[in-house]
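Open the model in a viewer and keep the sequence panel beside it. The stops below say what to select next and what is there.

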Amino acid sequence: MSAHCLRARSLLNCPRYLRRRWAAGSEYHLSPVNLHTCRALSCTSVTRNLSNPPDTPEDHDRIQAKLPLKSILRNARRFRDFDMESRVYAITGGGRGLGLAMGEALIEAGAKVYALDRLESPHPDFLKVKEKAEKEYDSAIEYIRIDVRDNPQVHNTFAAIAAQEKRLDGLIAAAGINHLQPALDHSQQALNDVLSINYTGVFNSATAAARQMFNYHTKGSILLVASMSGLIANKGMTSPVYNSSKAAVVQLARSLAMEWGRYGVRVNSLCPGHIITPMVEDVFRKNPEARAIWEAENMLGRLAMPEEFRGAAMFCLSDASSFMTGSTLVIDGGHTAW
Ligand SMILES: NC(=O)c1ccc[n+]([C@@H]2O[C@H](COP(=O)([O-])OP(=O)(O)OC[C@H]3O[C@@H](n4cnc5c(N)ncnc54)[C@H](O)[C@@H]3O)[C@@H](O)[C@H]2O)c1
């Protein structure tokens, strides 16, 4: 038996064991027989115990790997509150990174997704998500190129989507940029770029989405992607304008929630910790020592993967969060909690 299977705690971290457990249904509890089964699987997964250093994001159990195959689900209609069948969502910044990962989750829950981004063509991962949507989920993800700073373009795009679908159920406003530079050296150009995308672009997108929700009488949910950097001065990341732009997004969510709540439109903000996305990989290329500092600053001792925000997207955009508005959801591996 591999060393990690000797303790129940370790067995629960074994992806092979978890897949087997899902396949067998809820009766498959921990027992000596199961430990024996794990031995039979000849499991070679890496041992995790409390004396080992924390896993790197590359080798920790990926959420995707833990998901049960559709073919072995006994009841595909579980958790109806999270069901997004026939719903239509827009995601700005959905061409890659966090926005795309969240979009994939909505598709799996039954929704049609419009990814709105300024990239000339979306990241190669987008095509994989599109293929999966069509082949496995009988759903769709469409790509539309827009710049969230362009207010008329944003409003026209949302109007066209709603006219096509006769509804709009939600928005994830994830388009954003970062800029690392000390305040005294900060260029005016970079200041304008960050604020016009991270704040004005989010404002444009949220108002364009709400307008269509009112037009088509859909009760909608809007999630504004802020950052834990909107709550704290982020050690190892000198980005005063980015940080304050994200604080403004947190406050915008509360203000819009107050205006639109009585009309059935909910608005919340999400404050993620550090996630390995193209944006962050770019920071590491310019500033390689940032990674170790960031990893040391949270309680899990690692950075997040975009997939770790799938659950948050499904919760915030579905009826599961029907009484939540004006809230700030912090998912940061404990970074802001100590
Ligand atoms: N990666 C992190 O550690 C992290 C942490 C907290 C918050 N966030 C926030 O999450 C969101 C997504 O970031 P990401 O890490 O996936 O970065 P990313 O760079 O991979 O994705 C951001 C996307 O936004 C798009 N975008 C930028 N400007 C745009 C514009 N003017 N119009 C339309 N699209 C535009 C980009 O083309 C890109 O596809 C951002 O708002 C970011 O600030 C990221």
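A crossover is right-handed if, with the strands pointing away from the viewer, the path from the first strand over the helix to the second runs clockwise. Helices (H or I, at least four residues) and strands (E, at least two) are DSSP runs, numbered from the N terminus. The model is predicted: local features need pLDDT of at least 70 and side-chain atom pairs count only at pLDDT 80 or more, while totals for chains, interfaces and linings use all residues. Residues are numbered from 1 along each chain as its sequence is written.

**Whole chain**

Display the chain as a cartoon: there are twelve helices and seven strands. Of its 338 residues, 38% count as buried. A residue is buried if 20 or more other C-beta atoms lie within 10 Å of its own, exposed if 12 or fewer, and partly exposed in between, with C-beta atoms placed from the backbone. Two residues are in contact if their C-beta atoms, placed from the backbone, lie within 7 Å. Among contacts between residues at least 6 apart in sequence, 75% join residues at least 24 apart.

**Strand β1**

Select residues 88-92, strand β1; five of the five are buried, so β1 is largely enclosed by the rest of the structure. V88, A90 and T92 lie on one side and Y89 and I91 on the other. T92 has L116 of β2 as its bridge partner. From β1 the chain passes through α5 to β2, in a right-handed β-α-β crossover. Then show strand β4 (residues 170-173), which pairs with β1 in the parallel sense over four bridges. Here I91 has I172 as its bridge partner.

**I172 and the core**

Stay on I172. Which residues does I172 touch, not counting residues up to four places away in sequence? They are Y89, I91, G99, M102, L223, V225, A313 and L317. In the largest nonpolar core, of 71 residues, I172 is among those that touch the most other members, with L106 and L224. Such a core is a set of buried Ala, Val, Leu, Ile, Met, Phe, Trp, Tyr and Cys residues joined through C-beta atoms within 7 Å.

**Strand β6 and its partners**

Select residues 266-272, strand β6, where seven of seven residues are buried. R266, N268, L270 and P272 point one way, and V267, S269 and C271 the other way. Strand β5 (residues 221-225) pairs with β6 in the parallel sense over five bridges, with S269 as the bridge partner of L224.

**W260**

Select W260 in helix α9. Is W260 buried or exposed? W260 counts as buried because it has 20 C-beta neighbours inside 10 Å. Leaving aside neighbours within four places in sequence, W260 is in contact with A210, V265 and V267. W260 and A210 are 50 residues apart in sequence and 8.2 Å apart in space, C-alpha to C-alpha.

**The ligand**

Finish at the ligand, which 29 residues surround, the closest being G93, G97, G176, T277 and M279. A residue is near a molecule if its C-beta atom, placed from the backbone, lies within 6 Å of it. Helices α5 (97-108), α8 (188-215) and α10 (278-286) each supply at least two residues of this shell.

Definitions and conventions: Pairing = 2+ DSSP bridges.
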